[in-house]
Amino acid sequence: MAEVKVLVVCLGNICRSPMGEAVLRATANDRGIDIFVDSCGTGGYHIGDQPDERSISTCVKHNVPIDHEARQIATSDFTNFTHILAADSNNLANLKRICPANATATVRLWGSYLDGKEIPDPYYGGIGGFERAFQQCKNLSNAFLDDVFGET
């Protein structure tokens, strides 16, 4: 199988997508699956910022390493990655709008691998929203890996 390279995408790249990146990487590692994972935002609001403290603390609570510097989606991402996973339908629509004609990546709602649900943005809420996002990322990571690699 060719190398699988996954890009997890949300709006600002400080809450859902860096958490999703960390969780997918850790889940793949736990399952003995070798993939490359990164994350970005469709917006450039937080370029260069570290993940939200609540994303970091939630990952730390679950012993999932998280280390990321926010960046915005680039045209080259559509050919450098095999899979681009959107956290919600608004970001999926933005990705499809800017997707170049020569794109080779599969661009999908991450939730489409499991239950079709979006990952709600926890930014304006409390820590509970980050915990729910973490659990959703965990479930979606397993569903994605099952789909791409088969159940292991």
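**A walk through the predicted model**

Asparagine 91 is found in helix H4, which covers residues 89-98. The model is a predicted one. With a relative accessibility of 2%, asparagine 91 falls under the 20% limit and therefore counts as buried. Leaving out residues up to four places away in sequence, asparagine 91 touches Cys10, Leu11, Arg16, Thr42 and Ala86.

Two packed helices are described by the angle between their axes and the distance between the axes. On the H1 side the contact is made by Arg16, Met19, Gly20, Val23, Leu24, Thr27, Ala28 and Asp30. These meet a set of H5 residues that includes Phe130, Phe134, Cys137, Ser141 and Phe144. By type, the residues of this contact are ten nonpolar, four polar and three charged.

Helix H5 also packs with helix H2, which spans residues 53-61. The axes of H2 and H5 are 9 Å apart, at an angle of about 55°. H2 and H5 are therefore oblique to each other, and H2 passes H5 in a right-handed crossing. From H2, Arg54, Ser55, Ser57, Thr58, Cys59 and Lys61 take part, and they meet Ile127, Phe130, Glu131 and Phe134 in H5. The residues of the contact between H2 and H5 divide into four nonpolar, three polar and three charged. Phe130 and Phe134 are named in the contact of H5 with H1 and also in the contact of H5 with H2.

The next topic is the nonpolar interior. In soluble globular proteins, nonpolar side chains tend to be buried together. In this model the largest nonpolar core has 33 residues. Those with the most contacts inside it are Val6, Met19, Leu24, Ile35, Trp110 and Phe144. Strand E1 (5-10), H1 and H5 are the elements that give two or more residues to this core. The largest share, nine residues, comes from H5.

Leaving aside neighbours within four places in sequence, valine 6 is in contact with Leu24, Ile35, Phe36, Val37, Asp38, Phe81, His83, Leu85 and Phe144. A second, separate core has 13 residues, among them Val9, Phe81, Leu92 and Val107.

Asparagine 13 lies in the loop between E1 and H1. Asparagine 13 has a positive phi of about 65°, although it is not a glycine. Its relative accessible area is 0%, so asparagine 13 is buried. Asparagine 63, in the loop between H2 and helix H3 (77-80), also has a positive phi, near 60°. With a relative accessible area of 70%, however, asparagine 63 is exposed.

Proline 100 is placed in the loop between H4 and strand E4 (106-109). Its relative accessible area is 17%, so proline 100 is buried. The C-alpha atoms of proline 100 and serine 76 are separated by 8.9 Å, while the two residues are 24 residues apart along the chain. Apart from neighbours within four places in sequence, proline 100 is in contact with Thr75 and Phe78.

Key
Residues numbered from 1 in each chain as written. Predicted model: local features only at pLDDT ≥ 70, side-chain atom pairs only at ≥ 80, totals over all residues. Heavy atoms only, no water. Contact = heavy atoms within 4.5 Å. Helix = DSSP H or I, 4+ residues; strand = E, 2+ residues; numbered from the N terminus. Nonpolar A, V, L, I, M, F, W, Y, C, P; charged D, E, K, R; others polar. Core = buried A, V, L, I, M, F, W, Y, C linked by side-chain atoms within 4.5 Å. Buried < 20%, exposed > 50% of the residue type's maximum accessible area, 1.4 Å probe, protein only. Axes fitted to C-alpha atoms, helices over the stretch in contact; angles between N-to-C directions. Parallel < 35°, antiparallel > 145°, perpendicular 65-115°, else oblique. Left-handed = near helix turned anticlockwise from the far one by under 90°.
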